[in-house]
Amino acid sequence: RGHQPHGYLAGAGVYLDATALPSPSAEGEAKAMQMALQAAGITPEAVDTINAHGTASGAGDVAELEAIEMVFGETAKTLSVQSTKGLLGHTLWAAGLVESIAVVAQMRGDFIHPNLNLEDPMRTDIGFAGSEAVDCGPSIALSNSFGFGGINTSIVIRKSRERNSP
């Protein structure tokens, strides 16, 4: 049709760990991220940005940050972790779609959106996007969506179709 794609779905991971409704599991979240990276054929070091599920809830954010540490280790310091919910609020069932669109918009516009109101991060060993947008968009991003009952999903989005180019 002559249209240039704005991004490419490179991999996805879904891991169900059947926790109680509002009880997040770092292990289940890490498994979904690992599955998405494996499906995309990349290592954690290839990822520039994580669009975190980040709901600003104590239990949820702690579990997600633990999961990021499990998967990314030392590489977590070089990431730009952000949450679209800080800009829009929680869009409930549409959150995964809205966050994916936000990642693609950042790739297309070559910027990283800010983490509004993040003044005192829970962890200092993970790289968070700052309070202002940055001119330098992601080439490869991981976007997380974690739901009640242990429904953990992660996707890898690439700016380029080519596996060997960012």
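The legends below describe views of a predicted model of one chain.

View 1. Read from the N terminus, the elements follow the order β-α-β-α-β-α-α-β-β. Along the principal axes, the C-alpha atoms occupy a box of roughly 45 × 30 × 30 Å. The radius of gyration is 15 Å, which agrees with the value near 15 Å for a compact globule of 166 residues. Of the contacts with a separation of 6 or more, 74% link residues 24 or more positions apart.

**View 2. The open sheet, with strand order E1-E5-E4-E2-E3.** Its five strands pair in a mixed fashion. Strands E1 (8-16) and E3 (80-82) are at the edges with a single partner strand each, so one side of each has no neighbour in the sheet. On average, neighbouring strands are turned by 15 degrees against each other, direction ignored.

**View 3. The antiparallel pair E4 and E5.** Eight bridges connect strand E4, residues 140-147, with strand E5, residues 151-158. One of the residues involved is Gly147, whose bridge partner in E5 is Ile151.

**View 4. Helices H1 and H4 against the sheet.** Helix H1 (residues 26-40) touches E1, E4 and E5, and its direction makes about 145 degrees with that of E1. Helix H4 (residues 95-109) touches E2 (49-51), E3, E4 and E5; the angle between the directions of H4 and E4 is about 165 degrees.

**View 5. Burial and surface of the chain.** Buried residues account for 44% of the 166 residues.

Definitions and conventions: Residues are numbered from 1 along each chain as its sequence is written. This is a predicted model: local features need pLDDT of at least 70, side-chain atom pairs count only at pLDDT 80 or more; totals for chains, interfaces and linings use all residues. Side-chain values use heavy atoms; hydrogens and water are left out. Two strands pair if DSSP finds at least two bridges between them. Helices (H or I, at least four residues) and strands (E, at least two) are DSSP runs, numbered from the N terminus. Axes are lines fitted to C-alpha atoms, for helices over the stretch in contact, and angles run from 0 to 180 degrees between N-to-C directions. Contact means heavy atoms within 4.5 Å. The radius of gyration is taken over C-alpha atoms; the globule rule is 2.2 Å times the number of residues to the power 0.38. Buried means under 20% relative accessible area, exposed over 50%, partly exposed in between (1.4 Å probe, protein chains only). Accessible areas come from the Shrake-Rupley method with a 1.4 Å probe; for residues, only the protein chains shown count as cover.
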